[in-house]
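Subject: Structure handover

Hello,

I am passing a structure on to you. Please open it first, then read the notes below it.

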Amino acid sequence: MKLTLKIWRQKNAAAEGKIVEYPIDGIEPDMSFLEMLDILNDELIVKGEDTVAFDHDCREGICGMCSLYINGEAHGPDRLVTTCQLHMRKFKDGDTIFIEPFRAKAFPVIKDLVVDRGAFDRIQQSGGFISVNTSGNTIDANTIPIPKHDADRAFDAATCIGCGACVASCKNSSAMLFVSAKVSQFALLPQGKVEAADRVLNMVAQMDAEGFGNCTNTGACEVECPKGISLENIARMNREYLSASLKG
Amino acid sequence: MAKSALLKSSIAKKVAMALSGLFLVLFLAQHFFINMTSVFSADTFNSISHFMGNNPLVQFVIQPILIVGVIFHFIMGFVLEFKNNSARPISYAKNNGAANSSWASRNMIVSGSVVLAFLLLHFYDFWVPEMVYKYVDVSPLNETRYFHELAEKFESPIRTGLYSLSFLLLSLHLWHGFNSSFQSVGFNNKYSKSLHTLGYAFAIVVPFGFIFIALFHHFNH
């Protein structure tokens, strides 16, 4: 396949960036999108040019490290996959592909296609945990009876890999799908109920402090989420937040 | 977190938008049913309009609440739009919003602005003359004037066209807004599917009903 890549290049966080065009040839349909970028970078090294920086780690769709806004969609045109699991068979010979970083004030660009998603870490640190006694007398979680319906919902929420596609896809750069998944995975389980009120209040406060926009329920996040996290979680977070606020 | 942070929070703002929107939906429903009577019976329309226009509870309690609700919904809508836009200072060179969301959901500010412009025209057409009639000129009560005032306004093809266009945009606004309000207040459960059907039906029946009423009077005058 012969393609034209239009890639956002930016030297560092302070520099101004721009779209740069790269023609590329010899791309196989079975290559992953990141392998295609590896080939481009090999060519750039041979030419003595600066390689395109992009995030990646496991390349198995489970770590949440890869990102990229491809032809106007987070993780590209495929559904329920991360960029590393996107394959070139989704494109046609002769296509022009726009490759941009996830855009949000809360996700500043570090270099080229790499953004700082530390805002998600700080939101997690503000409440995305349970306090467990680890003195040696900890009760095994499996001994606590939990209705299957709740366990399944909690597990679904816990599959969020924190990649940030929800923020990138949302026209408001809202992080509510991510935060609501983290709130829900604990709120649905007995272990999470003890700190539920503090958790939701603190995580929402941190989310707002990071400069994310507000959710207007377009549903774009749910469609683009590689793990299919449901909007139902946002409704749950809203309920949890209102109830925690009113209880004081 | 301090309790005072509640009102500043993103979630409180979206809940406030949702509740004011749902309040306006209720208002719209009653306005629709009253206007629809004008198609079937001028006398019924006149007597209901006379009641609404002269009942102290409606005039001095419900009407001010409604006006505050309308103003709040619009101001909050613009404030949130501005804040949300500032959360992405650099736009995408290529963005495919249609791949993951409806036009109506992405353009609430567009449909809302058209509805706001329509409301200004509507106030100029009906509300201001009504206030002048009752409280400035202090004209005598006339229980039969309402139907003619309504029908007269729709003689103009331009006004009828503007009203119809505005209601098309209101339909799009409701298409997203009705169901979005329930999601915002945390209502997402096994009844949501039925509620969504009701929301979509409301978004079609009420605005297109208003268009029907405008066209009916235009062509029957």
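**What is in it**

Chain B has nine helices and zero strands. Please keep in mind that this is a predicted model. Read from the N terminus, the elements of chain B run α-α-α-α-α-α-α-α-α. Its C-alpha atoms fill a box of roughly 55 × 40 × 35 Å along the principal axes. Chain B has 221 residues, and 26% of them count as buried. Take the contacts in chain B between residues at least 6 apart in sequence: 85% of these join residues at least 24 apart.

**Helix H4 of chain B**

Start with helix H4 of chain B, which covers residues 56-86. H4(B) has 31 residues. From first C-alpha to last it reaches 44 Å, close to the 45 Å expected at 1.5 Å a residue.

Where does H4(B) bend? The bend is at Ile62(B) and comes to about 35 degrees. A proline, Pro64(B), follows within four residues.

His73(B), Gly77(B), Leu80(B) and Asn84(B) are its buried residues. What do the buried residues of H4(B) pack against? Their partners are two helices of chain B: helix H2 (10-40) and helix H6 (108-136).

**The sheet in chain A**

Now turn to chain A. Five of its strands form an open sheet, in the order S2-S1-S5-S3-S4. The pairing is mixed. Strand S2 (18-24) and strand S4 (73-74) of chain A stand at the edges. Each has a single partner strand, so one side of each is left without a neighbour in the sheet.

Look at S2(A) and its partner next. Strand S1 of chain A, residues 3-9, is joined to S2(A) by seven bridges. The two run antiparallel. One bridge to find on screen pairs Arg9(A) with Lys18(A), which lies in S2(A).

**Where the chains meet**

Last, the interface. In chain A, 41 residues are in contact with 36 residues of chain B. Which elements of chain A each supply at least two residues of the side that touches chain B? They are strand S5 (96-100), helix H7 (196-209), helix H8 (220-224) and helix H9 (232-247). H9(A) gives the most to that side, with eight residues. By type, the residues on the side of chain A that touches chain B divide into 16 nonpolar, 16 polar and nine charged.

Over to you.

Best wishes

Key
Residues are numbered from 1 along each chain as its sequence is written. Chains are lettered from A and ligands numbered from 1 in the order in which they are written. This is a predicted model: local features need pLDDT of at least 70, side-chain atom pairs count only at pLDDT 80 or more; totals for chains, interfaces and linings use all residues. The expected span of a helix is 1.5 Å times one less than its number of residues. The bend at a residue is the angle between axes fitted to the seven residues ending there and the seven starting there. A residue is buried if 20 or more other C-beta atoms lie within 10 Å of its own, exposed if 12 or fewer, and partly exposed in between; C-beta atoms are placed from the backbone. Two residues are in contact if their C-beta atoms, placed from the backbone, lie within 7 Å. Ala, Val, Leu, Ile, Met, Phe, Trp, Tyr, Cys and Pro count as nonpolar, Asp, Glu, Lys and Arg as charged, and the others, Gly among them, as polar. Two strands pair if DSSP finds at least two bridges between them.
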